[in-house]
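Please read this briefing beside the sequence and the coordinates. The points are grouped by topic, beginning with the chain as a whole and ending with individual residues.

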Amino acid sequence: MSIRPVAYNEVTKIYTMLHEELNHQYDILLNDITFASDSGDFFNVVCFICDGNSIHPASGGAIPPDIQLLHSRLIQAKDCTCGLLPAGKTEELCLSHSKLHCSQLDGIERWQVEQNAGESLQVSVETVGSYVVGMGPFTTAQIDEGYTVEIIGARVLEIVLRNRYTQLDKETGEVKVAGRKNAT
Amino acid sequence: MSVDERSGIEAYAVTPFTNIKNNCATVLNVSIDAVQTSIQVVAGSGAIFPATPFYCSCEYEVMICNGRSVDTLTVARGQDGTTAAAHVAGTIIEQRNNAALWTDLASSINKIENGTTPVPLNAPVGSITNDRLATDVYRPNLLQNSGFEVWQITSSLTIPSSGTIFADPWQGTVATSNTLTVTRDAINAELGYCCAMVAAAGVSVANFVAVANTCLNTSIYAQLKGKTVTISARVKCSVASCVRLRANDSGTTGLQFSAYHPGDGVYRTLSLNYLVSANATAFQINVEMDAPGTAYVDSASVVIGTIAADWQPTPVPDYVPNVRLASDVARANLLTNGGFEIWQRGNGPFTVGGYSADKWFMGIGTGGSMSVSASQGNADLYSLNALSVAYTHGSAPSTIQQDLKGAELYQFRRIVAFSMRVKANSSNAIRIALYDSVNLWRYSGYHSGGNNYETLTVVADISGSSTQLSVAAFLSANCTAYLDNAMLVIGSVPADYVPIHPADDLARCLRYYETMGDKGATVPTIRGIATAGGQNMGANLVYKARKAVTPTATKNGTWSASNAGQPIIAAVDVDMIELYATSTAAGPFQSWSGGAGQTIIIEANP
């Protein structure tokens, strides 16, 4: 019983929301959905009718995969508050970024968006800065300008899942824990 | 000593005694020297001797004859401690009571006495056949609960209609206008703790009552086709021509009876031999009551062969594998809210796809619609609530399903059995199914549509690489249906529903969904004292149960507030949320859940 998406218009970028508890249904612009934390892990959906609100985790909470998909669209529309990914990136890179948040919250098996599902031992990495910004899989190596796809091992994966900010040395394949990065 | 390969029985040695005959004497027809082995006796007298071999004596010499052709004997000379010598024609040659006859006999007796030769006591060479067995030779009893020791259904029952089971798997059959009362009786039992006391009223030969053991009715009888079995039971009765055994294979042999109990009030063995027909289609063993009276029945037996077997207690196996479990053996249910008893989201009706009875999800197919509610009036036996669904079919099936995904699935990727009690008013409208992401859906048969509860079952081996396991009621035609008592168990044998304690039932549901507030008390409350407006006071609200995954937290309604704004959810994890309120001005401030609908709902679905 949450405030959850029931439809999305790709053209208008309008979500139809249902507040299940009170059967309130209303439309909201994707851009009017706000992050609920500066970690980028949560976003806030407010019922226009009663001011009720749901805090949804990027990992899905009450309604995976709909919430996971909403999260990826949100970070395509606006900078992710974690600072790792600016707005306007490709759908594929945004999905990979949402999957990173999802996996860090609830494990890699929690991701339920069917598209691009599969191999998890891949990460998307900034070409400059080397920050790990997303988790694979990907169908192409070049997922967006300024990012590459790198294959990692299970030990590196473990570090990426446990730490919010990591940098991958593409030459050695090693990863190091880094400080917070602000999106540019 | 050799051994018969088929029977395993030793073939005993036979001492080669020589043959003897009375008045057996003649004379030599031709003289012989001390070494000749061919002897002529008087013409026509050779036939007086017995069949070879036999001893014969001539003067002081004993010979053994190993062959005879008319009047010519072929002999070995100088036997039994004597010396070969010449004998003239006309000398008597005869059978005497020579020493070897006695020493051979004495030697054989001594071999028996000292054990050199085993004594075959009444055993022939070859197999011991079934018809030579004594009744105390143990043989497997084909009946279940043959001693009437197990009474799981009821300990006493008066049967007004046929087919009611009273002592598994014994059941009563009655005809019109008579009754049969069957009671567990520990006083009149002959062996073990119990027997069955069978009382019949209003009966006659043409209008009998019977107590049937149905365990041979199913697949077992097929293994008995062409075999003769012996059916027996120990029966006590004080009425003559009242009780007898009855058997029927619905085939060529058909209906057969034992003799009646004589009615002398003591336990007697009633038995009959029965050839199970090659065209048998069933096989039922009965204790038949043909006159009003009371009989006590104990120690029933069906064994292969023509000889009855004394009743023996059932051997206790050292282990019972899953495949041999009956459905009434209680096992752990892997489902959450399998009994549809918990409705934390309310009793419905739910018409939009989503969760209804806690973890049960409504998956509405294209073009279809459904209305789901809690139903007490149509719950299954022993149940408080069922899930009621009024369904209109569209172009694709709909489901009411429960999913296991991710880490929760790991332990269940093996053979599982899913069962559910279903009542529906339309045939071919609803069935149940098991899903895994590798093998997809696998289904039970459909509900008959008879508007009664039926148990639907489906068994499937869940792939080790599956990422999802789902159980579902699958709706594929318009109907009103009721779902109750769902069970998912490890193993290939479905299990009858086993309720769990309401606290445990709720705890499972709380792993995925819980509500804070709305219980009439003023909690949760955020309270503090501010020195100015815009100051925050927060609290961590710990869930009743850790959630399966990071949940969605929803604040519902406009909460009561004093010198404060609405409470805000600041952070969420699997154990708790942080809630805070902001002061409007300096002084005490608080915000609290103070009425209906002012709640926080925590929801973590797979």
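Predicted model: local features only at pLDDT ≥ 70, side-chain atom pairs only at ≥ 80, totals over all residues.

The secondary structure of chain B consists of two helices and 40 strands. Of the 606 residues in this chain, 45% count as buried.

- Side chains of opposite charge can pair when their charged atoms come close.
- Over all chains, a search of the whole structure finds 19 salt bridges.
- One of the salt bridges joins Asp290(B) to Arg244(B), with 2.9 Å between the closest N and O atoms.
- Asp290(B) sits in the loop between strand 19 (284-289) and strand 20 (293-304) of chain B, while Arg244(B) belongs to strand 16 (residues 243-248) of chain B, so this pair ties together parts that are 46 residues apart in sequence.
- Asp290(B) is buried because its relative accessible area is 4%, which falls under 20%, and Arg244(B) is likewise buried, with a relative accessible area of 11%.
- Both residues take part in a network of salt bridges that links Arg244(B), Arg246(B), Glu288(B) and Asp290(B).

**Salt bridges: Arg421(B) and Asp380(B)**

- The side chains of Arg421(B) and Asp380(B) meet in a salt bridge with an N to O distance of 2.7 Å.
- Arg421(B) is located in strand 26 (residues 415-424) of chain B and Asp380(B) in the loop between strand 23 (369-375) and strand 24 (386-392) of chain B, so the pair ties together parts that are 41 residues apart in sequence.
- Arg421(B) counts as partly exposed at 23% relative accessibility, whereas Asp380(B) counts as buried at 10%.

**Salt bridges: Asp436(B) and Arg442(B)**

- Asp436(B) and Arg442(B) form a salt bridge through their side chains, at 2.8 Å from N to O.
- Asp436(B) is buried, with a relative accessible area of 0%, whereas Arg442(B) counts as partly exposed, at 23% relative accessibility.

**A nonpolar surface patch**

- Phe17(B), Trp102(B), Leu105(B) and Ile109(B) make a nonpolar surface patch of about 390 Å².
- Within this group, Leu105(B) is placed in helix 1 (residues 99-113) of chain B.
- Leu105(B) is partly exposed, with a relative accessible area of 36%, and this value meets the requirement for joining a patch because patches are made of residues with over 30% relative accessible area.

**The surroundings of Thr26(B)**

- Thr26(B) is found in strand 3 (residues 25-27) of chain B, and this residue counts as buried at 9% relative accessibility.
- The side chain of Thr26(B) is joined to the side chain of Ser45(B) by a polar contact of 2.8 Å.
- When residues up to four places away in sequence are not counted, Thr26(B) touches Val41(B), Val42(B), Ser45(B), Ile48(B), Phe49(B), Thr91(B), Ile92(B) and Ile93(B).
- Ser45(B) is therefore one of the residues that Thr26(B) touches, since contact means heavy atoms within 4.5 Å, and the polar contact between the two side chains is 2.8 Å.

Methods: Residues numbered from 1 in each chain as written. Chains lettered and ligands numbered in written order. Heavy atoms only, no water. Patch = residues over 30% accessible without salt bridge, like charges linked within 9 Å, V, L, I, M, F, W, Y side chains within 5 Å. Areas by Shrake-Rupley, 256 points an atom, 1.4 Å probe, with all protein chains shown as cover. Salt bridge = Lys/Arg side-chain N within 4 Å of Asp/Glu carboxyl O. Helix = DSSP H or I, 4+ residues; strand = E, 2+ residues; numbered from the N terminus. Buried < 20%, exposed > 50% of the residue type's maximum accessible area, 1.4 Å probe, protein only. Polar contact = N/O pair within 3.5 Å; in protein donor to acceptor, adjacent residues only side chain to side chain.
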